[in-house]
Every structure is written in structure tokens, then in C-alpha cells.
Amino acid sequence: MIQIQVLNVKMVNFGKKLMADQVEEWKGYYINYKLMKKMLKQYVQQTQFGGKDREQVLKEFSRVLDDQIERIVLFLLQQQGHLANRIEELGEQRAALLEQHDISQVFQLREAYREVGRDLIKLLRFVDMNATGIRKILKKFDKRFGYRFTDYYVTTRANHPYSQLQQVFKQVGIVAVVGALSRNLAYLQDHEGSVLSIYDHPSVTLKDPIIDQVNHAVQKLTHATSFLQFLGQHALIIQEDAQSGSEDLVDDQSYHFMSLLLNLVNTFLYMVNTYIIVPTADDYSVSLGAAATVCGVIIGSMAVAQVFSSVYFSAWSNRSYFRPLVFSSIMLFSGNLLYALAYDMNSLTILLIGRLLCGLGSARAVNRRYISDCVPLKIRLQASAGFVSASALGMACGPALAGLLQMRFKIYSLTFNQSTLPGWVMCIAWLVYLLWLWISFKEPGHFAKSTDAARPAESGHQISANVEEGLAQPLLIGEIQDQNAEDNDDNEEESENSHGPATSISSAYKLLTPSVKVQLLIYFMLKYAMEILLSESSVITTYYFNWSTSAVAIFLAILGCTVLPVNAVVGSYITNLFEDRQILVASEIMVLIGIIMSFRFTPHYSVPQYVLSALITFVFAEVLEGVNLSLLSRVMSSRLARGTYNGGLLSTEAGTLARVVADATITAAGYLGPDLLLNITLLPPLVICIASLVATFCTYNTLY
């Protein structure tokens with residue numbers, strides 16, 4: 001009970017956080033969030049009783065917000081100037097000191113630079129708080145009036161040549177101050193005044209801790225990312241901010257590395273299990289007397305079952321990790337056993353039941369939940385990246401392993417060939433994993449307390465309470481009562497956040513804003529396009545190019561191997577040069593180009609055309625996925641951050657449903673003949689991609 005009370009004190013709403021975190025001497029320069037909320041309430045009353053029309057409200061509120069932003073920006077420029085002057089003066093002292101070779105005073109000079117750094121961090125947090133306040137008040141206006149004010153305001157202000165909004169959200173000047181401070185501290189890095197320059201050696205790691213703190217503040221403000229953070233976004237596990245006041249409820253003693261490793265191995269094996277049959281599914285269906293395009297049903301049946309398994313595993317992980325993982329292993333062992341035996345039983349039904357059982361064993365929700373709840377905060381980012389890396393490695397190893405299983409022999413009455421060996425291999429793999437799990441897994445001792453009493457987010461797919469604003473802050477556990485009516489009005493957002501989580505898919509759907517729906521549509525589209533590409537690859541390449549199973553396996557393995565290098569480039573460089581929404585649009589356009597290039601326009605369909613179009617589609621779909629999930633985490637309602645029917649589950653269901661529909665499309669199109677299969681199956685992703693692009697442009701400014 002004491003722990004809950006402490007958390008309730010810390011996890012206040014933004015209005016209270018703004019008041020509590022203000023720098024005392026700067027109080028007059030923060031956004032007047034309370035005033036803006038009162039104005040919104042008055043405008044609602046005036047429009048309801050006919051006192052003002054919406055156009056008048058729009059102009060008045062825009063003027064007031066302009067005044068607020070102008071005050072913030074002028075103060076920001078003033079403080080930047082003070083910091084720049086101090087750095088310039090210290091630079092003169094540094095030059096004089098180094099000419100005299102008075103090394104004994106270098107430490108004093110470095111301390112003076114550190115003091116500038118500490119003031120710079122205060123200014124960065126000032127900008128962060130105000131930027132968050134602006135985002136929140138824009139969102140609140142849209143919600144109260146049902147009007148796209150954010151779109152209007154961002155369009156007219158952010159793109160204006162005299163934009164003050166750009167100063168708050170782009171921070172060009174303040175980042176230049178950061179660069180000057182970093183360069184001078186780097187110059188003093190060794191006590192003799194080295195001539196080392198950060199511009200000549202950008203990979204040099206500064207030893208001064210104040211620079212780490214400044215960089216952390218800049219990254220939080222600008223949503224800058226790294227390779228690990230970019231991978232973590234794919235995992236749908238949002239990292240909590242160290243400054244948010246949240247507590248890491250997992251200590252080093254309760255953390256169990258072997259249990260984490262078992263979750264990562266489960267993820268790896270499941271992805272191998274998913275893709276190991278892709279190169280041979282068409283041959284298997286033909287050997288059982290069905291058409292080659294029935295491979296779509298064979299591959300997609302696993303995804304069909306996963307639609308349901310994601311829900312019950314998400315709910316089950318509220319009570320245990322060990323039991324769901326044991327159940328998952330048993331289901332996958334049984335499913336692969338039936339898949340392998342279907343050949344000798346000459347039964348397509350047995351084969352499909354086997355794949356359905358494999359889908360019912362999808363424990364990815366448990367894997368995510370374990371990382372979120374049972375891994376210490378300091379290594380949670382690495383664990384999240386490990387989750388995504390295990391998935392990518394499994395995706396590449398599955399087809400590659402299938403390419404190695406090109407053999408045929410019999411043991412008694414059991415047939416072992418390229419079609420059945422994937423089932424037998426995975427059957428053995430899951431049996432070994434089950435034994436390892438039973439011996440080595442340790443159920444966390446703090447499980448019940450951390451999930452039922454202390455943790456603000458109950459889902460392994462958790463998205464932080466204020467994700468719609470791009471900040472990682474903890475959820476409210478209980479509604480905090482206020483002492484007067486004005487505070488109650490101020491705490492409207494707190495009351496909203498303290499409502500219980502969604503209790504069904506339909507109630508969760510009602511919480512989706514247009515921006516969230518568009519991001520889910522994009523996620524559906526990219527998963528649809530990728531599934532069409534992968535699932536029909538064996539049929540298409542055999543029909544047009546007469547590729548062997550080994551050639552198809554190598555091709556799919558190469559595609560899978562591009563995941564991590566592409567994410568490394570995007571996460572380390574691209575996301576630091578462009579806005580997420582810009583990368584989103586560019587990636588959608590490139591996916592559209594890849595889909596268009598995949599169509600067969602002439603009787604002759606060449607290997608270079610197919611391979612190039614497949615690479616473009618797959619690579620940019622991977623880029624799109626990371627950016628899409630990053631934006632989704634920012635615009636998702638806080639009420640979808642917990643419970644069984646959470647935002648992560650909705651994303652997973654959207655992607656899984658896309659795979660199901662794509663695989664069903666392949667089988668349905670197969671009845672029209674192999675000659676039309678390619679173009680027919682590419683039409684739906686083409687239409688959905690165009691629709692997602694249009695929808696993105698319609699909600700583009702809400703992603704600012």
C-alpha cells in the first residue's frame with residue numbers, strides 16, 4: 001500500500017507536472033496551460049449557447065496561442081544568447097590558458113564549462129515542457145470541438161518563413177550551442193589541451209558526464225534515436241524515461257538472465273517455424289493432391305490461429321510467464337508433428353490442423369511482457385533490441401534451413417523429404433526447448449506484486465501513458481482528487497487517463513483517433529505487401545524462372561538478412577536527419593514503387609525485375625515498420641497502454657489479419673491460373689498503399 005501511495009504522488013497529470021517542474025525564476029515564460037484549458041472550456045460554453053461561431057473561436061484561440069509561443073521563443077533566444085556569450089568568454093580564457101601552459105587551471109575551466117552544460121540542460125527541459133504543452137493543448141482543442149485545429153495551425157505556422165513554432169520544435173539554435181559546448185569540452189578532454197576535434201572524429205566518445213546528460217536531453221527533445229532504440233520500437237516495448245519519476249521495480253537480484261534468454265530463443269524458434277515452410281509449401285500441397293497456390297492457406301493458417309492466441313496469451317501473461325511458455329512449446333511440438341505426419345497420412349486436413357496448432361502456440365505477447373516487466377530498466381533497451389534481432393534472425397534462418405533440408409529417405413514407414421523435414425526439425429527443436437525451459441526458467445518472485453499493485457502499465461505491449469505526445473511518462477494508477485473546482489477542471493486529462501483499460505476489441509477501437517487509424521492502416525498495408533511477396537515467392541519463381549527450392553530458400557534468406565543492416569542505417573543516421581513523418585511518407589512512396597515494379601507488364605518477366613522490385617518492397621517495408629510503430633506510440637491513447645486489449649495487441653492483430661487476408665488472396669487468385677496470379681495478388685496491396693498515402697497526407701500535420 002505504501003508503494004502505491006508513493007507512485008500516485010509521483011504520477012501526476014501534465015498540468016501539475018508543469019507547475020512542479022518549472023524553474024522558479026523562469027515561471028513567467030512557460031506556456032500558461034491552465035489559462036488555455038479555461039479558455040477552451042469557455043469557448044465550448046459560448047459556442048453551445050450561440051455566443052460565438054467556430055470561425056471566431058479559431059481566430060481568437062490562434063492569436064492567444066501565438067502570443068504564448070512568442071513569449072516562449074523570445075525568452076529561449078535570450079537564454080541561448082546568454083549561454084553563447086558565456087561559452088565565448090570561456091573560449092577566450094581557454095586560449096589564454098593553453099598559451100601559458102598553466103595545466104593546473106584546466107580543471108577549473110572544465111568545471112566552468114560543466115556549469116554552462118547544467119544551465120543548458122535546464123533550458124532544454126524548458127523547451128521540452130513547453131513543446132509538450134503546445135501538443136497537448138492542440139490535441140485538446142481538436143477533441144473538444146471536433147475540428148482539425150492542429151492541422152490548420154501547424155500548416156499556417158510551421159511552414160511560414162517567420163515561423164516561431166519551428167524554434168520550439170526544431171531547436172536549431174540550441175543544438176548549435178550544444179555543439180559548441182561539446183567541442184570545447186572535447187578540446188579539454190586531456191589535461192594538456194589536445195587539438196582533437198569532434199568534427200574530425202565524430203565517433204569519439206567524450207568522457208565528461210555532463211555531455212551525456214546534455215545529449216540525453218537533446219535526444220528526448222528531438223526524438224533522436226540510435227540503432228538500439230530503433231530496434232526497440234519494432235518490439236513495441238517503449239522505454240521509460242529516467243527523468244519521468246517512474247521507478248524501476250525490477251532489481252538486479254530478481255532479474256534472471258536465463259529466463260530472458262529463453263524468451264528470446266522462443267521468439268527466434270517461432271519465427272524460424274513460421275518461415276521454414278515457405279520455400280516448400282507449394283510442393284507439399286501438390287504432393288497432397290491440392291493446387292500449388294493452396295500454399296497460401298497452409299502458410300496463412302498459422303496466422304489465423306495467431307489472431308486468437310495473441311488475445312489469450314496477452315491475458316494469461318497477467319498471471320504467469322512459465323505456464324504460457326510451456327503451453328506454447330507443447331502446442332508447437334504437436335503442430336509440427338502433425339505437419340510432418342500429414343505426408344504419410346496423405347491428408348491436407350492434418351497438415352492444416354498442424355499449422356493451426358503452431359499458430360495457437362504463438363507466445364510473442366508473453367516474450368514482450370517478460371522484457372517489459374522482468375528486465376531491469378538499464379538493460380531493457382538492449383533486451384528489446386535482442387527481441388527484434390531474434391525475430392529477424394529467425395526470419396532469415398527459416399528459409400535458409402529449408403534450403404539445407406533437400407534430401408529424401410525413409411525410416412520404417414515415415415517419409416523424410418524437403419516437405420516433411422521442416423516439421424521434424426522444428427518438432428525436435430521445440431522438444432529440446434521445452435526440456436530446457438522446464439529445467440532453467442525461473443518465475444519472477446515479485447510477479448504478482450508488480451502486476452497487480454505497482455506497475456502502471458499492465459501489458460507486455462505497453463505504450464507509455466503520454467505516448468500521444470512523444471514523452472515516456474508513467475500512467476496514473478488512481479484518480480487524484482483535487483481541492484477545488486478549478487483544479488478539477490484542470491485534471492480532466494488525469495481523470496481520462498485514470499479510467500480503466502479497454503475491456504474488448506470494440507471498446508479499444510472506439511478509442512482510436514484518425515491519426516492512430518491511419519498508422520494502423522499503414523501497418524496493415526506493409527504486412528500485407530510483405531506477406532504477398534514472401535508467401536507466393538516459391539510459386540512465382542517456379543512458374544516464371546523455374547527456380548529450385550534451394551534457390552527460393554537462398555533468395556528469402558537474403559531478404560531476411562537485410563533487416564538488421566537496414567535498421568542499423570535508418571536507426572543510426574536517417575532518423576537523426578529527417579522527421580519520422582518525412583521518413584514515413586518517403587517509405588510509403590518507395591513501397592508503392594516496389595509494388596508497381598513487381599507487376600508483369602509484358603509477356604516476358606525477367607529475374608532482375610522481380611529481384612529488384614522485391615528488394616525495394618521488402619527493405620522499405622522494414623523501414624516503414626519501424627517509423628510507423630514509433631509514430632503510433634506517440635499518437636496512441638493512454639487508455640490503450642494497459643490491460644489485455646491494449647495498443648500493442650491492436651497493432652499485432654492488424655498485422656496478423658493482414659497476413660491472413662494476403663495468404664487467402666493467393667489461394668483465391670490461384671483459381672484464375674498461374675499466369676494471372678502475380679498481377680491479381682498485387683492489386684490489393686497497390687490499392688491499400690495508395691489509400692494509406694492519401695490518408696497519411698490528410699493527417700500529416702497531426703504527426704508534427
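Colleague: How many aromatic pairs does the count come to here?

Modeller: A pair of aromatic rings is described by how far apart the centres are and by the angle of the planes. Rings of Phe, Tyr and Trp (its six-membered ring) pair if their centres lie within 6.5 Å; planes under 30 degrees apart are stacked, over 60 edge-to-face, and the rest tilted. In this predicted model, that rule gives 33 aromatic pairs. Take Phe 416 and Trp 424: their ring centres are 5.3 Å apart and their planes meet at 35°, so this pair is tilted.

Colleague: Are Phe 416 and Trp 424 buried or exposed?

Modeller: Buried means under 20% relative accessible area, exposed over 50%, and partly exposed in between (1.4 Å probe, protein chains only). Phe 416 is buried because its relative accessibility is 11%, and Trp 424 is buried at 13%. Now look at Phe 599 and Phe 601, with ring centres 6.2 Å apart and planes at 40°, so that pair is tilted. Phe 599 counts as buried at 9%, but Phe 601, at 62%, counts as exposed.

Colleague: Which residues form the aromatic cluster?

Modeller: One cluster is formed by Tyr 543, Tyr 544, Phe 545, Trp 547, Phe 555, Tyr 605 and Tyr 610.

Colleague: Where is Ser 538, and what does it touch?

Modeller: Helices (H or I, at least four residues) and strands (E, at least two) are DSSP runs numbered from the N terminus, while contact means heavy atoms within 4.5 Å. Ser 538 sits in helix 24 (residues 537-545) and is buried, at a relative accessible area of 3%. Skipping residues up to four places away in sequence, Ser 538 touches Val 278, Pro 279, Asp 282 and Val 552.

Colleague: And which residues is Tyr 275 in contact with?

Modeller: Tyr 275 belongs to helix 11 (residues 257-275) and is buried at 12%. Setting aside neighbours within four places in sequence, Tyr 275 contacts Met 395, Gly 398, Pro 399 and Leu 534. As for the protein chain, among contacts between residues at least 6 apart in sequence, 83% join residues at least 24 apart.

Colleague: Which residues make the nonpolar surface patch?

Modeller: Patch residues have over 30% relative accessible area and no salt bridge; like charges are joined within 9 Å, nonpolar side chains (Val, Leu, Ile, Met, Phe, Trp, Tyr) within 5 Å. A salt bridge is a Lys or Arg side-chain nitrogen within 4 Å of an Asp or Glu carboxyl oxygen. Here, Met 407, Phe 409, Ile 411 and Tyr 412 make a nonpolar patch of about 470 Å². Ile 411 lies in strand 1 (residues 409-411) and is partly exposed, at 42%.

Colleague: Where is confidence lowest, and where is it highest?

Modeller: pLDDT is the predictor's confidence in each residue, from 0 to 100. Helix 1 (residues 2-10) has the lowest mean, 33, and helix 18 (residues 421-440) the highest, 96. Over residues 447-499 the pLDDT is below 50, with 168 contacts in the model beyond near neighbours in sequence. The chain's mean is 78, and 76% of its residues reach 70 or more.

Colleague: Which ground rules apply?

Modeller: Residues are numbered from 1 along each chain as its sequence is written, and side-chain values use heavy atoms, leaving out hydrogens and water. Local features need pLDDT of at least 70 and side-chain atom pairs count only at 80 or more, while totals for chains, interfaces and linings use all residues.

Conventions:
Accessible areas come from the Shrake-Rupley method with a 1.4 Å probe; for residues, only the protein chains shown count as cover.
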